[in-house]
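Reader: I would like to learn how to read a sheet and its confidence values. Please take me through one case.

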Amino acid sequence: MSGTFTVVRTLGRSDAAHDILGELPEWFGIDRFTHEYVEAAAKFPNYVAVAAPESPAPAIEADGGKIPSEDVLGVLLVDQRYPTSAEVHLLAVRRKHHRAGIGRTLMRRVEDDLRAQGVRLLSVKTFGPSASDPDFDRTRAFYTACGFHPVEEFPDLWADNPCMLMVKAL
């Protein structure tokens, strides 16, 4: 990748979510939960990162619906249940594009859009620290670097997995 990409807001990119989650079994290896994320991609707003064309080409579809799944580098799903708060329901980036700024760029775009709508609080749930896992240590470090703060770990919210709630003021 040349390092350039764009973020497009769209709906219904279950195909891209499915493909990306399939590449990341250490984070999304429980079939039941993966299926739930793919279903969520069909109904929640999706933000997808797409590689910018290297040569002049027609503009990327504004709705993102015509972007081939294999061209989607990362996806972020937003669940907004209340007018002033929202949740990052899913953030996943293809493994070969980790640490390229895609996750941060997706997060910034979502935060900008949510602020413009009057949202004041953004939350995310991730695997809690009481069950040691180096992959999720990196995930929590990413969210911390993006300005999220841990609120509480819920040992029983997810069956057999501790859940860490993190929040960020927008």
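Author: Residues are numbered from 1 along each chain as its sequence is written, and side-chain values use heavy atoms, without hydrogens and water.

Reader: In what order do the strands of the open sheet lie?

Author: Strands of a sheet pair through backbone hydrogen bonds, either parallel or antiparallel. Strands (E, at least two residues) and helices (H or I, at least four) are DSSP runs numbered from the N terminus; two strands pair if DSSP finds at least two bridges between them. Here 7 strands run β1-β2-β3-β4-β5-β7-β6, with mixed pairing.

Reader: In which sense do β2 and β3 pair?

Author: Strands β2 (residues 45-51) and β3 (residues 72-82) are antiparallel over 5 bridges. V50 stands opposite V72 in β3.

Reader: Which strands does helix α4 touch?

Author: Contact means heavy atoms within 4.5 Å. Helix α4 (residues 102-116) packs on the sheet and touches β1, β2, β3, β4, β5 (121-127) and β7 (161-169).

Reader: Where is confidence lowest and highest?

Author: pLDDT is the predictor's confidence in each residue, from 0 to 100. The protein chain has a mean of 84; the lowest mean is 69, in helix α2 (residues 25-28), and the highest is 96, in α4. Residues 56-62 have pLDDT below 50. Where pLDDT is low, the predicted coordinates should not be read in detail.

Key
Predicted model: local features only at pLDDT ≥ 70, side-chain atom pairs only at ≥ 80, totals over all residues. Axes fitted to C-alpha atoms, helices over the stretch in contact; angles between N-to-C directions.
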